[in-house]
Amino acid sequence: MADIVERLIEVLGPGAVQSEDDISPDYTHDEGLRSEATFPLAVVRPATTAQVSEVLRLADGQRVPVVARGRGTGLSGGAVPVAGGLLVSFDRMTAILEIDLENSVATVQAGVTLEQLDQALAPVGLIYPVSPGESSASLGGNVSTNAGGMRAIRHGVTRHHVLGLEAVLAGGQVVRTGGKFVKSSSGLDLTQLIVGSEGTLALVTEVTVKLQPRLGHSATVLAPYPTLATVTAAVPRIMSSGVAPLILEYLDELTMTAITRSAGLALSIPDEVRDGAQAYLVVVLESTRADRLDEDVAGLAGLLGDLGALDVFVLPPAAGSALIAAREQAFYVSRSAGADDIVDAVVPRAAVPDYLAAVGDLAVEAGALIAGCGHVGDGNVHISIFQPDPEVRSRLLHAIMRTAHGMGGAVSGEHGIGTAKRAYFEELEDPAKLALMRRIKAAFDPHGILGPGRMLSDEAR
Ligand SMILES: Cc1cc2nc3c(=O)[nH]c(=O)nc-3n(C[C@H](O)[C@H](O)[C@H](O)COP(=O)(O)OP(=O)(O)OC[C@H]3O[C@@H](n4cnc5c(N)ncnc54)[C@H](O)[C@@H]3O)c2cc1C
């Protein structure tokens with residue numbers, strides 16, 4: 001094993017390999033609430049695709065496990081190293097290779113963060129619209145988890161924007177999939193197979209994404225509702241009204257109070273309205289023209305009122321941005337409040353009222369406190385679970401996932417399976433589909449070195 005570290009130092013240079021006491025604790029975990037910090041044999045920080053290829057050739061030859069890491073903001077344990085394995089960090093692969101204005105695409109190295117890409121796109125009036133709540137996340141990590149976020153309701157998730165990839169297979173072979181074109185009927189779609197594969201099929205080194213025009217006018221509308229059920233029941237009506245929100249989020253009263261308090265944000269909601277509110281809808285609309293936006297906002301405000309809102313507030317621009325920023329911090333607020341786990345199961349949009357009612361009943365039975373917010377328009381709500389007893393919590397999580405699955409949903413809407421949700425995934429997913437996934441995995445990675453124990457257990461493979 002020491003041999004491989006020496007070889008890696010020869011290939012990448014001493015500054016790009018950390019081993020033993022040199023390993024920074026930052027590399028030992030992701031942001032998952034139940035992730036356990038683990039030190040790998042070595043952290044490897046390649047700067048080029050050729051170096052990634054050489055790392056994988058060496059690792060495959062010696063059957064050393066490899067875990068990929070973008071920026072470690074994942075919530076499912078996917079980027080936590082394996083003891084005795086290599087952690088390949090993409091934090092030195094941060095070049096924006098091309099912004100092609102004619103084709104509205106960008107090609108970046110996998111370690112480029114959402115924030116870096118946004119800073120490069122703003123001056124040319126373009127945007128990469130996928131916005132998972134943590135802008136320090138990398139494009140490679142987004143691709144690997146098929147990240148979603150608040151704007152998925154309008155723009156879709158990562159896979160809807162990825163046109164092509166460069167990826168390195170387990171033995172070191174470099175493949176290019178897709179390209180700058182928006183359609184193809186030419187063989188199996190390997191791009192889409194790698195998107196969402198959580199580092200278990202290949203390591204992504206370059207990503208080509210579609211870009212959109214950056215619209216100049218937006219408005220944030222806040223509507224308090226008397227019950228959670230009225231909020232969730234309103235959502236399908238908003239979606240079918242033609243309003244086309246950029247963001248459509250719900251927050252329960254507990255979460256709204258916690259995030260606004262944490263951000264020091266006063267929204268000037270009269271006490272009598274706040275006292276009667278059990279849940280909130282936050283809707284962001286966007287347009288090319290101010291007059292069209294005003295028209296849409298007026299239509300939306302009328303609709304929200306008809307759907308039972310206690311009041312409707314069109315927030316001043318600064319307050320609107322501050323509320324969205326505070327919502328993005330909901331995970332950290334929940335973690336500091338002592339949340340023991342977080343569920344990101346997804347159900348069909350119209351099933352959200354029944355799903356949340358069932359989750360509420362299950363939480364009461366388990367003696368757990370829950371708080372929720374999230375992408376209600378996508379049927380993907382995030383529920384923080386406060387129940388310190390691991391056995392009780394595990395039973396509750398199983399019951400919640402079973403409920404979501406039974407309603408036609410899935411275990412994870414956007415955070416990925418990783419190690420944290422593997423047991424639920426393997427229990428609930430169709431065995432024929434799991435077996436097919438294992439065969440695909442074996443075709444990409446015959447020796448099983450990539451992302452061991454992520455998504456599927458090693459035994460199951
Ligand atoms: C506050 C907060 C809010 C969040 N909100 C959202 C949200 O709204 N929506 C959402 O979808 N997610 C959200 N997330 C989760 C997280 O930001 C995303 O999962 C993101 O895609 C992870 O990117 P990363 O670069 O940090 O990846 P990492 O955490 O480093 O890795 C994630 C997975 O991808 C694999 N991987 C990383 N890079 C590569 C690569 N180059 N090649 C192959 N595999 C790779 C890793 O092995 C791991 O399995 C949130 C996280 C936080 C902390």
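I began with helices H8 and H11 and found their crossing to be right-handed (the near helix is turned clockwise from the far one by less than a right angle). The model is predicted, so I noted that local features need pLDDT of at least 70 and side-chain atom pairs pLDDT 80 or more, while totals for chains, interfaces and linings use all residues. Residues are numbered from 1 along each chain as its sequence is written, and side-chain values use heavy atoms, without hydrogens and water.

I then looked up the geometry of this pair. The axes of H8 (residues 253-263) and H11 (residues 317-328) come within 9 Å and cross at roughly 110° (axes are lines fitted to C-alpha atoms over the stretch in contact, with angles from 0 to 180 degrees between N-to-C directions). That makes H8 roughly perpendicular to H11 (65 to 115 degrees).

I turned next to H13 (residues 352-365) and H14 (residues 390-406), which pack at about 160° with axes 10 Å apart. H13 is therefore roughly antiparallel to H14 (over 145 degrees). H13 passes H14 in a right-handed crossing.

For the ligand, I found 36 residues around it, the closest being Ala 68, Gly 70, Thr 73, Gly 74 and Ser 138 (a heavy atom within 4 Å). I recorded that H4 (139-145), H12 (330-336) and strands E3 (66-69) and E10 (203-210) each supply at least two shell residues. H4 gives the most, with 5 residues. The shell divides into 13 nonpolar, 17 polar and 6 charged residues, with Gly counted as polar.

A ligand oxygen is 2.6 Å from a polar backbone atom of Ala 68, and a ligand oxygen lies 2.7 Å from a backbone N or O atom of Thr 73. A ligand nitrogen is 2.9 Å from a polar side-chain atom of Glu 414. The protein covers 97% of the 970 Å² of accessible area that the ligand has on its own (Shrake-Rupley method, 1.4 Å probe).

Terms used:
Polar contact = N/O pair within 3.5 Å; in protein donor to acceptor, adjacent residues only side chain to side chain. Helix = DSSP H or I, 4+ residues; strand = E, 2+ residues; numbered from the N terminus. Parallel < 35°, antiparallel > 145°, perpendicular 65-115°, else oblique.
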